[in-house]
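Colleague: Could you walk me through this model and the cut-offs behind its labels?

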Amino acid sequence: MKYPSIDDLKAQAKRLRGAMESSGTPISHSAALELIASQHGVRDWNTLSALASRPNTTPLAALTVGARVSGRYLNQPFTGKILALGEQSGGLHKLTLHFDEPVDVVTFESFSAFRQRVNAQVDENGVSPRKTSNGLPQLVLDI
């Protein structure tokens, strides 16, 4: 996730503090910083300032070997673990996933084929460029 700069976050806190004061509910500067952190979905100002001070990277860069992931494979929900991860040309990443529970890769009613380990390519958003016959991406990671 990309965060605003620390200066921008502090400016947001200053505007929030001013708005609260003008509405008759003054708050401290530290309380305003904590509220800004909450608005950005993190637990406290220290966490937000640490995240904002890191260079913004593509979302996939946060994934590592051994990371727990979830998403959809052949439109079936899964949770699992990344066993291998590498970069490829064209901005794609190759990964190997091990699903916690095998995924049925066949939609035919009288036949099933379960897979628990798959190799796939995804772009920087965690979406496979390869599509199924109905036009959906083969793999979509929740990142």
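Below, we talk through the fold, the aromatic rings and a loop.

Modeller: Happy to. This is a predicted model, in which local features need pLDDT of at least 70 and side-chain atom pairs count only at pLDDT 80 or more, while totals for chains, interfaces and linings use all residues. Residues are numbered from 1 along each chain as its sequence is written, and side-chain values use heavy atoms, with hydrogens and water left out.

Colleague: Which elements make up the secondary structure of the chain?

Modeller: The chain has 3 helices and 5 strands, and from the N terminus on the order is α-α-α-β-β-β-β-β. Helices (H or I, at least four residues) and strands (E, at least two) are DSSP runs, numbered from the N terminus.

Colleague: Why is the chain called more spread out than a compact globule?

Modeller: The radius of gyration is taken over C-alpha atoms, and the globule rule is 2.2 Å times the number of residues to the power 0.38. For 143 residues that rule gives 15 Å, and the chain's 21 Å is well over it, so the chain is more spread out than a compact globule. Along the principal axes, the C-alpha atoms fill a box of roughly 65 × 35 × 25 Å.

Colleague: What makes the pair of Y73 and F99 tilted?

Modeller: Rings of Phe, Tyr and Trp (its six-membered ring) pair if their centres lie within 6.5 Å; planes under 30 degrees apart count as stacked, over 60 as edge-to-face and the rest as tilted. By this rule there are 2 aromatic pairs. The ring centres of Y73 and F99 are 5.6 Å apart with planes at 45 degrees, so this pair is tilted. It links distant parts of the chain, with Y73 in strand β1 (residues 68–73) and F99 in strand β3 (residues 93–104), 26 residues apart.

Colleague: And why is the pair of F78 and F99 called tilted?

Modeller: Here the centres lie 4.7 Å apart and the planes again meet at 45 degrees, so the pair of F78 and F99 is tilted. This pair also joins distant parts of the chain: F78 is in strand β2 (residues 76–87), 21 residues from F99 in strand β3. Through these ring pairs, Y73, F78 and F99 form a cluster.

Colleague: How do you know whether F78 is buried or exposed?

Modeller: Buried means under 20% relative accessible area, exposed over 50%, and partly exposed in between (1.4 Å probe, protein chains only). F78 has 6%, so F78 is buried. F99 has 0% and therefore counts as buried. Y73 is buried as well. Of the 143 residues of the chain, 28% count as buried.

Colleague: What is F99 in contact with, beyond its neighbours within four places in sequence?

Modeller: Contact means heavy atoms within 4.5 Å. With those neighbours left aside, F99 is in contact with Y73, F78, T79, G80, R115, Q116 and V118. The C-alpha atoms of F99 and G80 are separated by 4.1 Å, although the two residues are 19 apart along the chain.

Colleague: Where is L74, and why is L74 called partly exposed?

Modeller: L74 is in the loop between β1 and β2. Its relative accessibility is 22%, so L74 counts as partly exposed. L74 has a positive phi of about 50 degrees although it is not a glycine.

Colleague: What about N75, buried or partly exposed?

Modeller: N75 is at 39% relative accessibility and therefore counts as partly exposed. N75 is also in the loop between β1 and β2, and has a positive phi of about 65 degrees without being a glycine.
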